[in-house]
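Please find below my note on the model under review.

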Amino acid sequence: MKGAKGRKAMKAKLVSLKLAPWDLGPLTPAQIAGKRIEEVAEIDPKTGKKSNPNRVIRTRRETWVDRYHRQGKLSVEQANIAAELFEAASGMLSRDPLAAMVKVDTSGTYDPEAERLDRRRKFFRMWEEIPSFAQPVVKHVVLDDQSLRSMPGRLNGRHEARQLDRLQRGLDALREAWS
């Protein structure tokens, strides 16, 4: 059977409706470093069972605090106070446009700038509770989201263990002072 221009007609291939993997983006080692691949499951409120009928998966960024918590290096309380410190530090600018503000408007309307100012004040109050020996490692791991191995001046495993101890003691001191 010849086509209009004398070429052989191509046979149509069957279309497969097989489930394709959900678009996760590139799955190279560099692209998925620091991410966890997980199913997106919905929980039925009546039965409490998880279901994922479409087999959707996603990648989720995992912080170093989450990794150390999953590995058992940080306790639940330490991970929670680290998350609270990070939340207070998020969105913090290098210069504060509200620093000259003496009185915050309390008219009852939502003001994002006032909320940011409150978060910034909370961060500085929390930061003062962290012992000075632990501040560099807390800043490095919690605020900058860097691993203990990338600490400046790291020489060997003992240095990493010492920095982990400082991180744990700093987060414990913050938790005790803040709760």
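1. Contact here means heavy atoms within 4.5 Å. Helices (H or I, at least four residues) are DSSP runs, numbered from the N terminus. This is a predicted model, in which local features need pLDDT of at least 70 and side-chain atom pairs count only at pLDDT 80 or more, whereas totals for chains, interfaces and linings use all residues. Residues are numbered from 1 along each chain as its sequence is written, and side-chain values use heavy atoms, with hydrogens and water left out.

2. Helix α5 spans residues 135-143, and its buried residues (under 20% relative accessible area, 1.4 Å probe, protein chains only) are V137, V138, H140, V141 and V142. They lie on the same side of α5 because they cover an arc of only 165 degrees around the axis, taken from the directions from the helix axis to the C-beta atoms. Their cover includes α2 (64-70), α3 (76-89), α4 (112-129) and α6 (157-178).

3. After α5 comes D145, with a positive phi near 55 degrees.

4. A nonpolar core is a set of buried Ala, Val, Leu, Ile, Met, Phe, Trp, Tyr and Cys residues joined through side-chain atoms within 4.5 Å. The largest such core has 24 residues, of which L85, V138, V142 and L167 touch the most other members. At least two residues of this core come from each of α2, α3, α4, α5 and α6; α3 supplies the largest share, six residues.

5. Not counting residues up to four places away in sequence, L167 touches L74, V137, V138, V141 and V142.

6. H159 belongs to helix α6 and counts as buried because its relative accessibility is 10%. With the sequence neighbours up to four places away not counted, H159 touches P152, G153 and R154.

Methods. Buried < 20%, exposed > 50% of the residue type's maximum accessible area, 1.4 Å probe, protein only.
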